[in-house]
Amino acid sequence: MTKPTPPRAMTQRVSTGMTLRRILAGIAALVALLALMVGMPLLLWAVRDIGTLHIEWTVSGVWRALLRPDDGTLFLALFKLAGWITWAILVTSIVLELVARIRHVRAPNLRGLGIPQALARSLVTAVAALFLTTGGQLPTIPVATADPVPPPPAAASAHPHTPQPGHTTRGPQHYTVRKGDTLSGIALDKLGDAHRYPEIFRASRDIRQPGGHRLTDPDVIDIGWTLNLPSTPTTTTDRKPDREDHHQTPDHRTRSTTPKPTVGAGTITPATPSTQPTPQPTTAAPSHAAPTAPGPNGSTVSNPDAPVADADEGWPVWLLTGLAGAGGILAGTMWLALRRRRALQSHHRRPGFMIAPPPADTIPVEKTLRHAGAPIAHLITVVDDALRRTAETIIATGDRLPAVQALEVTDGHLIVHLAEPGQLPAPWQKSDTRTWQLDTATDLDAIGTSHDGGPSPWPHLVTLGTDQNGHCWLVNLEAFGTTTITGDPTFAADLARYWAAELATSPWAQDIWQIDLVGVFGELDGLHPAHIRVHTNIDEAAASVLRASTGILKATADDPASHLPTARMRQDNEYLPGCAVFAPADAADGLSAVARLIHDKPGRTGTTITFLGPTDTTDGGLSMNADTNGRVRVPALGLDLFPTGITADEALGCVQLLKAADQHDNVPVPAPDGDNESITDAAGRLHHHLTEQRPSDGCTNHHDSNLPQPDNTLLTVAATTPQDLATLAPVIPPATREQINTDPTLDDDLAAWHANSSDRPRLAVLGPVRVRVGRGGDPHAGNKRKAYYTEIVAYLATRHHGATTHELCDALATTPDLLRRNLSTVRKWLGTYPATHDPFLPDATRLDPNGDRTYRLTNLLHDADLFRRLRIRGQTRGPDGLADYLAALNLVTGTPYTGLRATGGIWLADNRDDQHLLVGIVDVAHLATTMALAAGELDAAEQAARIAAKAAPDEDRPRVDLAAVVAARGRHDESQRIGGAILRQNDNDGPLELDDHTIELLLAHGWLAPGTRAG
């Protein structure tokens, strides 16, 4: 059974709800606190001179004062003294209570101060409740682990805030979580003491909540969950929650749930929500579903490397809720778009530099795309390719395309729903005359041939949501022309915003060249600058859309096809781009001419309109309702779904990330692991302050530089530039060579790396990630979840100063309890160093200033570390450094950090170690190729160029180097073929815009055919 996950529903916006009573009580308590702590001492200080005692402070003087009649001054003095004492007691009680709240413990009971402590506890609790909110923008999210179950009996939930008949006061009362609730707030309201929230937590942990959840974190509850309320006070109210969790916040706030994508057959299996207005009885599933991973051709296979114990995982705060679950399709399309844009950035990278990382505030977006989008990127390409091949096969037979209304994605199948009976080619299988399904494990060549770059038959497919079975539904907006989303305005806007973003990034929508946003979703401006247009003038928008629509009609006027999808696929038609309009309901009048054209020419205009809210000016089309319970209902299709949707903030973060990937700026490589004292950058190149300017006419001392020859000599034999030489082969002064440690263990470590066995574990990241345990390890300990344990080792290897529990939990999207369990397994897996019997992963130390546990690997053999050490030594050895560079390149087996588990590698968005190593590989290979060509060692030059080309397929310099090598061998035709292939590179948007320096190198050496050069 596939493990379900809750779709994004109304819980994302539960964060602002608080009851009026709690607000008023909190304000009153805050005023009282200020009056006691500030107002009272100010008042006592203001009356300090009233009723001043006139006493001679001797024994006899005090005695005389006590014997004479009091004129009121003594009473006033005693009253003021009592006031200061009372103030001090109250302040002490309040401070103790505040400290206890922050530390999540109960304040100590001070003998004789029960009344002031009770007053302080009530005031502090009420003020804390005032500031309790539900979930931030990037909430921590629990993971669903089982099928949905019915809620508690109706009698128990009909009136959730009063005891139900049949419940005795001795047993626990049931409470149903409402919007704005927190455990501490519920404890305050129902038990009279906010500190009794651990009792509720313990009493409710075994309740199976909607969506298969269980209460595993006192910080994480959700609307509709059932809690047990102890009816009598207990003696355990001063205990912490059973699960110690450093993520815990003082207010124990309700956090919303978010869909988590499950990888299976390359598919999304979004699951049931945490809140179900109309749940259906189901059979309980096991608490843990077997993890899955994509198998051959998308088949689902068991994945023993995946961590199984997801049930207790607390979700990371960086996860964007709209881009998970069914929203994972948008995450996947954006991940593909981000990869395409970064590939183009790589074509413009200069030696010695790296592509500019995105702004720091977009890192949560990138992590979400890695975590939720990367695992289903394959599915998205399968859907796109399958639909294109199907359409091309149908057109090749001379038939018209069927009218597709919707696409259903299940665990391992694509199901097409037609508007009328139709026929799809084998291997599609007919369920009925209007429904056809395809196994995603099918070899797509069985459908038909693929024509890369051809039109997409149904470009207006958008994700609508997931049904009760976890099936994801996409609707073809073009089949209906006009769509109206009514109901809750916020949910409707989130859904439509999601569609607009999806049409701007999904591969099947690449032919929608106009996405017109009329008075809505301005935050999407820049997501795809060539396609998205933000309009503030309705008339201008209507005119633009009318021009596009009538242009399509004219272009297909003579086509016999009854609708545009068929005409779109005919090779004899000109290019027929589509148009999608999104507008509020009050813009319907201004767009009435467009709506009328769509209505009068159904399926012919290539234009769709989505209105937010009911309109009176449109006829027909598709209507759907997004209700306040987080459901979307589509009567025409018989669908009742948990909808997709993204907020404006989520959309803006996505836009900023993708816009940053459009920039071709280069930046210096930073210091490794934030170590500003390092002598090299993270790619292993010596810092410029340790080197000297390279003379263009060559070095007098042969060992001052890796390339001591004059620039002109090198430019004739190698594919390099003076700037490249100055950056990669500067002069290394004697002072630097003396400063750099000779690294006496490097050769022994390198030999141990290549040996058949070793006493030390070996981690490879310069290609597919792999761990080989040493003689003191236990190879079988890591077999069950090897990919997960391998990633733990890979992450810790990038943290030379160690990683705290908090950092590890964030990097691996796990909880402290699970982390400690898995680290214990990794410790056993790696074993101990036979020479010292010390573990390679010692027990945690408490070096963090916050007292957090810190874990650090020791004595690990790491290919990335060996690569950098070899590069450092090679830079100090002049031309003899070629041997070190070749040794470093021999460690490379592919692109760094490939082969991580499907949802892993999110921490690479923070430290960019994969990018740093890629820079190091390509730059070392270019330098080694140049050195080898200058020395006439052509085999070494070719070896270096080919290793870099394999590791960095998106960079041009390795292939330019390869052209130089084959030219040096006298194979000029082959060098021109290589140059032509570089020049003719394409992606989904057409020919790539290459870096000017690449073109100049190809032209300067004649590695472009004459006809190509003229073009």
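Reader: Which residues are linked in a network of salt bridges?
Author: In this predicted model, the network links Arg342, Glu366, Arg370, Arg912 and Asp914.

Reader: What makes Glu366 and Arg370 a salt bridge?
Author: The closest N and O atoms of Glu366 and Arg370 are 3.6 Å apart. A salt bridge requires a side-chain nitrogen of Lys or Arg within 4 Å of a carboxyl oxygen of Asp or Glu, so the pair of Glu366 and Arg370 counts as one.

Reader: How are Glu366 and Arg370 placed in helix 9?
Author: Helix 9 covers residues 363-373, and because Glu366 and Arg370 are 4 residues apart in it, about one helical turn separates them.

Reader: Why is the contact of Asp914 with Arg370 also called a salt bridge?
Author: The N to O distance between the side chains of Asp914 and Arg370 is 3.8 Å. The cut-off is 4 Å, so this pair qualifies too. Asp914 belongs to helix 26 (residues 913-935) and Arg370 to helix 9, so the pair ties together parts that are 544 residues apart in sequence.

Reader: Why is Arg370 called buried?
Author: Its relative accessibility is 12%. Buried means under 20%, so Arg370 is counted as buried.

Reader: What does Arg370 touch, not counting residues up to four places away in sequence?
Author: Arg370 touches Trp335, Pro375, Ala902, Gly905, Ile906, Leu908, Ala909 and Asp914. For Leu908, which is 538 residues from Arg370 along the chain, the C-alpha atoms of the two are separated by 9.4 Å.

Reader: What makes Arg568 and Glu478 a salt bridge, and which parts does the pair tie together?
Author: The N to O distance for Arg568 and Glu478 is 2.8 Å, and the cut-off is 4 Å, so the pair is a salt bridge. Arg568 lies in helix 13 (residues 564-569) and Glu478 in the loop between strand 11 (472-476) and strand 12 (482-487), so parts that are 90 residues apart in sequence are tied together.

Reader: Are Arg568 and Glu478 buried or exposed?
Author: Arg568 has 6% relative accessibility and Glu478 has 7%. The limit for buried is under 20%, so Arg568 and Glu478 are buried.

Reader: How many salt bridges are found in the whole structure?
Author: The search finds 42 salt bridges.

Reader: How many disulfides does a search of the whole structure find?
Author: The search finds 0 disulfides. A disulfide would need a pair of cysteine sulfur atoms within 2.5 Å. Cysteines are present, including Cys472, which counts as buried at 0% relative accessibility, and Cys699, which counts as buried at 16%.

Reader: How do you know whether Val518 is buried or exposed?
Author: The relative accessible area of Val518 is 2%. That is under 20%, so Val518 is buried. Val518 is part of strand 13 (residues 512-518). Leaving aside neighbours within four places in sequence, Val518 is in contact with His535, Ile538, Ala541, Val581, Phe582, Ala583 and Pro584.

Reader: Why is Leu30 called partly exposed?
Author: Leu30, in helix 1 (residues 20-46), has 31% relative accessibility. Buried means under 20% and exposed over 50%, so Leu30 counts as partly exposed.

Reader: Which residues make the nonpolar surface patch with Leu30?
Author: Leu34, Val38 and Leu42 make the patch with Leu30, and its area is about 350 Å². A patch residue needs over 30% relative accessible area, so Leu30 passes at 31%.

Technical notes:
Residues numbered from 1 in each chain as written. Predicted model: local features only at pLDDT ≥ 70, side-chain atom pairs only at ≥ 80, totals over all residues. Heavy atoms only, no water. Patch = residues over 30% accessible without salt bridge, like charges linked within 9 Å, V, L, I, M, F, W, Y side chains within 5 Å. Areas by Shrake-Rupley, 256 points an atom, 1.4 Å probe, with all protein chains shown as cover. Helix = DSSP H or I, 4+ residues; strand = E, 2+ residues; numbered from the N terminus. Buried < 20%, exposed > 50% of the residue type's maximum accessible area, 1.4 Å probe, protein only. Contact = heavy atoms within 4.5 Å.
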